[in-house]
Amino acid sequence: MATTDAEDTRPPPDVPPAADNTMQRRGFLRATGAGALTVAVVGTGALSYRAYDNRILGADAGDAFDAWRHWREDSGARGAVAAAVLAASPHNTQPWLFHIDGDRIDVLADTARRMGSVDPYSRELHIGLGCALENLVLAARARGFAPGVTLRPDVGRPDLVARVILPAGRRHASELYEAIGSRHTNRGPYRDKPVAAGTLTELAELADEPPASLAWVTARDDRDSLGRLMVEAARAITSDEEQSRDNFAWFRAGADDIAAHKDGLTLDGQGLSPLFSSVAKLLPAASRTRGDTFWVEQTRKVHTATAAAYGFVLVADPHDTAQQLIGGRLLQRIHLAVTARGLVLQHMNQISERIDRDQSLGRSSAFTPQLAALAGHPDRQVLATFRLGHPVRTGRRSPRRPVKEVLQ
């Protein structure tokens, strides 16, 4: 994956803590290099242009967000792909391509969208492809097909991760399908309110395809332990020069950058209050090192501090491609079900990113035994991790490549 030395032209990979208190507001202004004078001149011509250029109002307007508005319109195989492109993916890299041939859709990995040292074994890339496959299947059923899925149908083509055939079937628009257009990752604070035990049980029952299963972390002490481990992993990633650069490459600086790429992470996706989001867009983009600091602090003060529960997707071998795809399908299913219930979810995979990074460098990882102990399943390993809760504010749309740009 290409990286750039023009660090100061990009936004922070995460922005400051979203809880609205005085100390955090002051910390935000200090960290971004802004003071009272900067904020006081918001009305000047230069900042007014920056406000226009970065779309402080109407942030999700434009071609980069059209996929969210039109995903129900196409019928047939193309309509199924229109739903697939709205799936979750690591850093919103959208690592997928599709080939339609009559009543068949091939799902392919777009390896140009790998995250380098952040995902050295393509674990997260294949999880994202599994998420897209789940959306595709749900949308095919809603359009009157009875989809059949074959994972890795040609061992000689590692990029061909799945083949979906589309014989006619009964039209079925499920609760999960209806949630596709409303599902967004929510990186903001969650309310101090537990998720009902019955809801967690219902979500766990979505793991209906071996070998993927689900485990919850709900006890306060266990949540605190996992949260501390996540913060440590975030610090380790930002201290690793290569991981920091590869991580930062997927953040989009403003409206022009978003329009050009139609992917990546944006300020609007960070869960800030409207005021903080607006101020952040008015200020000059932060450096990579400042952005790394923001991400660690956001992880410590917001993500881990407000999680009502954590979930683990477990498999026997987290480096097996088929199990990654199956686990990704389950993860997307959970996210859609969470959305349908008025809850929100955020993927938090920094621990496994550090484990894979250490392994790729030929060294053991201190995170491995600690994560295994928290998962509590000796015969299974953690494929993916997420936090769950009741939202303080609604998650925002992320930019998406339209169907015409992902068809081969």
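Strand E5 and strand E6 (residues 309-315) run antiparallel and are joined by five bridges; two strands count as paired if DSSP finds at least two bridges between them. This is a predicted model, in which local features need pLDDT of at least 70 and side-chain atom pairs count only at pLDDT 80 or more, while totals for chains, interfaces and linings use all residues. Residues are numbered from 1 along each chain as its sequence is written, and side-chain values use heavy atoms, with hydrogens and water left out.

Axes are lines fitted to C-alpha atoms, for helices over the stretch in contact, and angles run from 0 to 180 degrees between N-to-C directions.

## Helices H9 and H10

The axes of H9 and H10 come within 5 Å and cross at roughly 95°. H9 is therefore roughly perpendicular to H10, a class that covers 65 to 115 degrees, with angles under 35 counted as roughly parallel, over 145 as roughly antiparallel and the rest as oblique. Ile237, Thr238 and Ser239 in H9 meet Glu241, Gln243, Ser244 and Asn247 in H10, where contact means heavy atoms within 4.5 Å.

## The sheet E1-E2-E4-E3

Another open sheet has four strands in the order E1-E2-E4-E3, with antiparallel pairing. Its edges are strand E1 (96-101) and strand E3 (148-151); each has a single partner strand, so one side of each is left without a neighbour in the sheet. Neighbouring strands of this sheet are turned by 20° against each other on average, direction ignored.

Six bridges link E1 and strand E2 (residues 104-109) in the antiparallel sense, and phenylalanine 98 stands opposite valine 107 in E2. Helix H6 (residues 123-142) lies across E1, E2, E3 and strand E4 (160-165), and runs at about 160° to E2.

## The enclosed helix H15

Helix H15 (residues 350-360) is largely enclosed by the rest of the structure, because nine of its eleven residues are buried. Buried means under 20% relative accessible area, exposed means over 50%, and partly exposed lies in between (1.4 Å probe, protein chains only). The buried residues of H15 are Gln350, Ile351, Ser352, Glu353, Arg354, Ile355, Asp356, Arg357 and Asp358.

The cover over these residues includes H6, helix H9 (220-239), helix H10 (241-248), helix H13 (288-306), helix H16 (367-375) and strand E8 (381-389). Just after H15, glycine 362 adopts a positive phi of about 75°.

## A charge over a ring

The charged end of arginine 387 sits over the ring of tyrosine 190, 3.6 Å from its centre. The criterion is that NZ of Lys or CZ of Arg is within 6 Å of the ring centre and within 35 degrees of the ring normal.

## Overall composition

The protein has 17 helices and eight strands; helices (H or I, at least four residues) and strands (E, at least two) are DSSP runs, numbered from the N terminus. Of the 408 residues in the protein, 56% are buried. Among contacts between residues at least 6 apart in sequence, 80% join residues at least 24 apart.
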